[in-house]
Amino acid sequence: TLDIYDGLVRDGLLRSNGNTRRMLEAAAILHDVGRAKCKRGHHKKSWRLIRKLPTPLGWTPQECRTVAAIARYHRGALPRPDHRCLVGIPQFARQRIIRLAGVMRLAHAFEQAHDRQVQRINIGARNGALVMHCDNYSETGPLAQSIAAARHLLEVGCGMPILIRSWSQLSNVNAERFRSPVLANPFARRELPTKQVLRSAH
């Protein structure tokens, strides 16, 4: 999860500060706690359990609520304005949840089998798309099928399509070709209203 996030920040596709990264890291650690209570719909149970935790020292209640919402959307239904976990959350915070949950949802798809097949990921913007190269990836394999659906939320959050390629296709490509100054900071010129983003996701 953090490898994908760091790659997006490095290429200027996500804004970052220390709090944003640690919220995503906390959600990645806690996202499956709901499995202790149930397997079906455990992502919703994870949200409820995280929301019940006392606010740790150095954290704010809003940050803890964001962590719970990110964990809620690592799988299952896409965000909707009428979902309980989003009601009352400010617009800018909803947009951040969509982007971070998109990162986590895609990372979860990469590791859905929990067999650590994907060990390396190279991320960069190229020709108006976000291109990810990873090992042990085949366009006709089960991993491709899982990623095809999981990438949508991050595409909405970043405002560009995501293309997944095998690691072997990166071997003869100069990494600098994946860095496009035009796409250095898409959020500076395109900040979608939360309702529009959520409708697009739905």
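The legends below describe several close-up views of a predicted model.

Because the model is predicted, local features need pLDDT of at least 70 and side-chain atom pairs count only at pLDDT 80 or more, while totals for chains, interfaces and linings use all residues. Residues are numbered from 1 along each chain as its sequence is written, and side-chain values use heavy atoms, with hydrogens and water left out.

**View 1. The chain as a whole, with its eight helices and three strands.** Helices (H or I, at least four residues) and strands (E, at least two) are DSSP runs, numbered from the N terminus. Along the sequence, these elements follow the pattern α-α-α-α-α-β-β-α-α-β-α. Of the 202 residues of the chain, 46% count as buried, where buried means under 20% relative accessible area, exposed means over 50%, and partly exposed lies in between (1.4 Å probe, protein chains only). Contact means heavy atoms within 4.5 Å, and among contacts between residues at least 6 apart in sequence, 67% join residues at least 24 apart.

**View 2. Helix α1 and the elements that cover its buried residues.** Leu 2, Ile 4, Tyr 5, Gly 7 and Leu 8 are the residues shown as buried in α1. The cover over the buried residues of this helix includes α2, α5 and α7 (152-158), together with the strands β1 (121-126) and β2 (129-134). After α1 comes Gly 12, whose phi is positive, near 75°.

**View 3. The salt bridge between Arg 21 and Asp 6.** A salt bridge is a side-chain nitrogen of Lys or Arg within 4 Å of a carboxyl oxygen of Asp or Glu, and by this rule the count comes to four salt bridges. In the one shown here, the side chains of Arg 21 and Asp 6 meet at 2.8 Å, N to O. The pair links distant parts of the chain, with Arg 21 in helix α2 (residues 18-30) and Asp 6 in helix α1 (residues 2-10), 15 residues apart. Arg 21 is partly exposed, with a relative accessible area of 29%, and Asp 6 is also partly exposed, with a value of 26%.

**View 4. The salt bridges of Arg 22 with Glu 63 and of Arg 80 with Asp 82.** The side chains of Arg 22 and Glu 63 meet at 3.1 Å, N to O. This pair, too, links distant parts of the chain, since Arg 22 lies in helix α2 and Glu 63 in helix α4 (residues 61-72), 41 residues apart. Arg 22 counts as partly exposed at 25% relative accessibility, whereas Glu 63 counts as buried at 11%. In the salt bridge of Asp 82 and Arg 80, the N to O distance is 3.1 Å, and Arg 80 is partly exposed, with a relative accessible area of 30%.

**View 5. The packing of helix α2 against helix α5.** Two packed helices are described by the angle between their axes and the distance between the axes. Here α2 and α5 (residues 91-110) pack at an angle of about 50°, with their axes 11 Å apart, which means that α2 is oblique to α5. The axes are lines fitted to C-alpha atoms, for helices over the stretch in contact, and angles run from 0 to 180 degrees between N-to-C directions; those under 35 degrees count as roughly parallel, over 145 as roughly antiparallel, 65 to 115 as roughly perpendicular and the rest as oblique. The crossing is right-handed, a term used if the near helix is turned clockwise from the far one by less than a right angle, with left-handed used if it is turned anticlockwise. At the contact, Thr 20, Met 23, Leu 24, Ala 27 and Ala 28 of α2 meet Arg 96, Leu 100, Val 103 and Met 104 of α5.

View 6. Leaving out residues up to four places away in sequence, Ser 166 touches His 133, Cys 134 and Tyr 137. The C-alpha atoms of Ser 166 and Asp 135 are separated by 5.8 Å, although these residues are 31 apart along the chain.

**View 7. Pro 61 in helix α4.** Pro 61 counts as exposed at 57% relative accessibility. Pro 61 and Arg 51 are ten residues apart in sequence and 9.2 Å apart in space, C-alpha to C-alpha.
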